[in-house]
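Q: I have a structure to go through and I'm new to this. Can we take it step by step?

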Amino acid sequence: MAPGDRVRWMGSRYTVTALSGTTVHLAPVPGSMASPIAAVIQILAAAADFAVLDEADAAPSAGPMPTWSMLEGISADSARDARIWRRHVIEVETGLLPDMPEDSTPREGYDPARFTLIERYQRKAEELSAVLDWSVSWKTVQRKRLAFLKEDIWGLVDKRSTRKSTLHGRTDPRVVDLLLALCERQAREQAATDARTLFKNLRRAASSAPGPRMKVPADPTLYALLRRLGIDAMQLRDPTRRRKDRLNRPAPPFGVTSVTAPGELVQVDSTALDVKVLGDDGRPTQVELTAAIDVFSRSVIAAVLRPKTAGRRKTRQRARALLSTHTSAGRATKAVDASLLLALCMVPASMRPGFDPAASAARSDLPYEELLEIDARMEHAAARPVIMPETIVIDHGTVFAGQTFFDACSFLGITVRPARRRTPTDKAIVERTFESIKSGFSQHVNSYTGRDFSRRGKETELERLWTLQELDDLLQEWIAVGWQTRPHDELRSPYEPNLPPLTPNQMYAAGVQAAGYIPIPLGFDDYLELLPTAWVGVRDDGIRFKNRTYDNYQGELEEVRNKPSGLKGKKRGGWELRYNPNTPEQVWLRDHRSGAWITAVFKHQHLIGAPWTQHLWDTATAEHVDRGGRHTDDEHIAQVLAELLERAGQGPDEPGTVHVPDGYGPVPGYGPVPAPAGQGTEFDPFAGADPLDLAELGPLTVLEVGQPSLYAPSPLTREPVRGPEPGPAPSMSGTDAEARPLLEDLDDLDDGLDSSARLLLDLPCDNDPPQETAR
C-alpha cells in the first residue's frame, strides 16, 4: 500500500493520501459521503472487509502461501532442481531474476515489452540446454511456467520423485485381488491350509478367469507379496478360529466403549450353549442361549434358553413339504424370544425353588434396602440387577430381523443400533461374555459337549440329561451366585485404579446411586404387546390358526364371530391375534372396538393335557402325515402329540446306563461291565443270576439262561430298541472256534455297529446275503 492507492474499508472507498509511521490517512473518493479518516494500520489489516483495490476497482484474491516445507519431503536433488527452475521461470515471467535490484534491466531476449512469451520460452530453452546441459524444449519451459503460476514451487517438482510405490509393486493388480479373495475364502473354511496350496489355487483361478491373461509371478515373489500385504505365510496353518479373529479385527486406532450409567448401552446376541438337554420329543438336543449384557456393569440382565430345532429328516422331507407351516432347520430362538428378553430385563428375577440362599438379593452387594422401598417386587428377587435398556446393539441374525423385536423396542422407548455385518467386534463384550459362560458354567454341566470334538468326552452320550427347565434353573442360579459376584477386571474405579476390581453387582450399586432407579411394572396387556401378530377371521367353529382351531367357551367370541373387523389395509377385514409359539395352547384376539383381549383355547387341548410347543406340533403333524393322514386334521394330530409326549416322558430309546465299548452284549464269566461315568456305585448286570458252569455248557444253539430279568433295563432308562436279526456268522477256526459257542448266539442283541464296523469285526451285517455255516 502506497500513497495514491485505492482501498475499501467499512463499505466505503478511500484513497491513501499519506503514510505516517503506523498511521494511514484516507480520503474518500469523489461522490462518497464518508469523511476523511486517519486509522492505525493494524486496525485496517484486522478488518474483514479491508482490501487494496486494483485498476478495475476490484479486490485481488490472495494467492496461496508457497509450499516450501514440502520440499523437505523429497530428495535433495529434486528440491535443488525445483529451486533452479523457479529462478528461470521467474525470469521468463518478469524479465528479471529473483533478488535483482529494482532498477535492473532485463537481459537480452527476456524483456516482456519487446519479446513475446514464445520467444522467451525458446530463449530459455536454448540457454538451459547450452549452459546446464539439459535437454529442454520450449514447451517444457511453458509447462513449468504454467505449473508455477498454479502451484508455486511445488508445481516445479518432478512428480516422479513423489510417486508412492504400491504394496504389490509391478504385480498385476488383478492377481493381488484374486490372492486376497482366496485368503479370505480359506479363512472361512474349516481346515487350515499352507502357502503352496494357496499359490496353486491362485494359478488355477488366474488361468480360468475371464478377460486378458493374468501373469502370476514365481513363488518367491508371491511370498514377498504376502509379507507386504500383512499375511504371514506360516500362520496360514493356524486354526480357523484364530484366522477369523485376525480378519475381524477392527481398523486401528483401537478404543474402549465407555458408558456412564446402567442401561445406557446393552448388547444382545445368541449362541449355542454346548450342552445337551432332553427335548420335548424325548430325544437329546442342543440348546441356544440368548442374553442381554449391560456394558456399564457387565451384568447379565436377562437370559433365555431354547432347545434347538432339529433339521428336517430325509425320510420326512416330502411329508413336511405338505405342511403349510414349517420350522427352520437348525434354529432355536425366535423373534418372540427376543421380545420376551426385553420384558425380563425390566422385572426382577425371582428366587426359584431350590436356589441357594446366597442367590437372594438381600444377601448380595445390591442396594437391596433402597430398591425395596421403591419396588416391592425386590422382596423375593434374586441377586440380578433390574436395568432398563436405553440403546441395544444387535446383529443381523434372524432372531432380530423380524418386525416384532423392533415394534417391542419402539413400544418400550429403546433405541436399536445394528452392528456391521460380519463384524462381531462391534459387540465384543457380549461375545466375550459368552465365552466366560461356557468356561464357567457349561463345561461343569452334565452332558457338556464342547464346541468341537477335541473338547468332548468319550462317554458324553451316557450321561444323564437335564430337562430344559432344570438347566434353566441351574443357569439362572449361576448368574446370580457365580457371575454377578465374580470380580471383573474391566470394572475398576477410574479414580483409584490400584483398588481391586469390582463385581457386576458392586458396579451396578455404584451406578444406580448416580443414575437412579425407576421401576417399570409390566402388566398382562404389556406382555401381549410383545408377542408376534397374526390377522385371522372368526368362523362358526372358532379361530383357525396354524391348522388348529381355537375357541372361547365363555361366549366372548360371539360379538366377532363371522363378522369382518372393518379394518382396511393389507389384512382387510381381519382381527388382530397375538400368539406365543412356545406356548401355543392358547391365543389372544383383540377387539379393537372395545380394546379388550379375548382368550381362545385350543379345542383339543384336553386330549394332550400337557404343555407343548409349535415345533412339537410340527413333529406330530409329520408323523401323522407319514401314517396317511392330513395335516389339517388337528384332532388326530393332537392324539399323536399326546402319544409323543407320553413316549418323551419315558426317556430316550437308547440305553444310557451300561457302557459296552466293543458293541458286544454282556458275556457271563468275562468280568463285570463298568458303570457309566457319573454313577456313584458300580452297576452289576448279573446281580441275582444263578452261577453258571462254563465247562458243562458245550455247544449250544440257544443261550440257556433261567433268569428273564438278566437283561432287564435299568429303572432310569427304557429297554433298547432291537434292530433286525443278523444272519449267521462266518466260520472261525483256531482259538476263535473255542470262543464261538459263547458268542455265536448273541447276535440277537443290538450292538449298535454299522455295516463297516461289523465287517472289520468279522460279524454278519444286516445287508449281507445268507451264508452257509460250516458244520
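A: First a term: contact means heavy atoms within 4.5 Å. This is a predicted model, in which local features need pLDDT of at least 70 and side-chain atom pairs count only at pLDDT 80 or more, while totals for chains, interfaces and linings use all residues. Residues are numbered from 1 along each chain as its sequence is written, and side-chain values use heavy atoms, with hydrogens and water left out.

Q: OK, what is Leu 342 in contact with, leaving aside neighbours within four places in sequence?

A: Ile 392, Phe 405, Ala 408, Cys 409, Leu 412 and Ile 414.

Q: Is Cys 409 buried or exposed?

A: Cys 409 counts as buried because its relative accessibility is 1%. Buried means under 20% relative accessible area, exposed over 50%, and partly exposed in between (1.4 Å probe, protein chains only).

Q: New topic. Where is Ser 364?

A: Ser 364 sits in the loop between H10 and H11. Helices (H or I, at least four residues) and strands (E, at least two) are DSSP runs, numbered from the N terminus.

Q: And which residues does Ser 364 contact, leaving aside neighbours within four places in sequence?

A: Ala 383 and Asn 505. Also, the side chain of Ser 364 reaches the backbone oxygen of Ala 361 at 2.8 Å.

How values were computed:
Polar contact = N/O pair within 3.5 Å; in protein donor to acceptor, adjacent residues only side chain to side chain.
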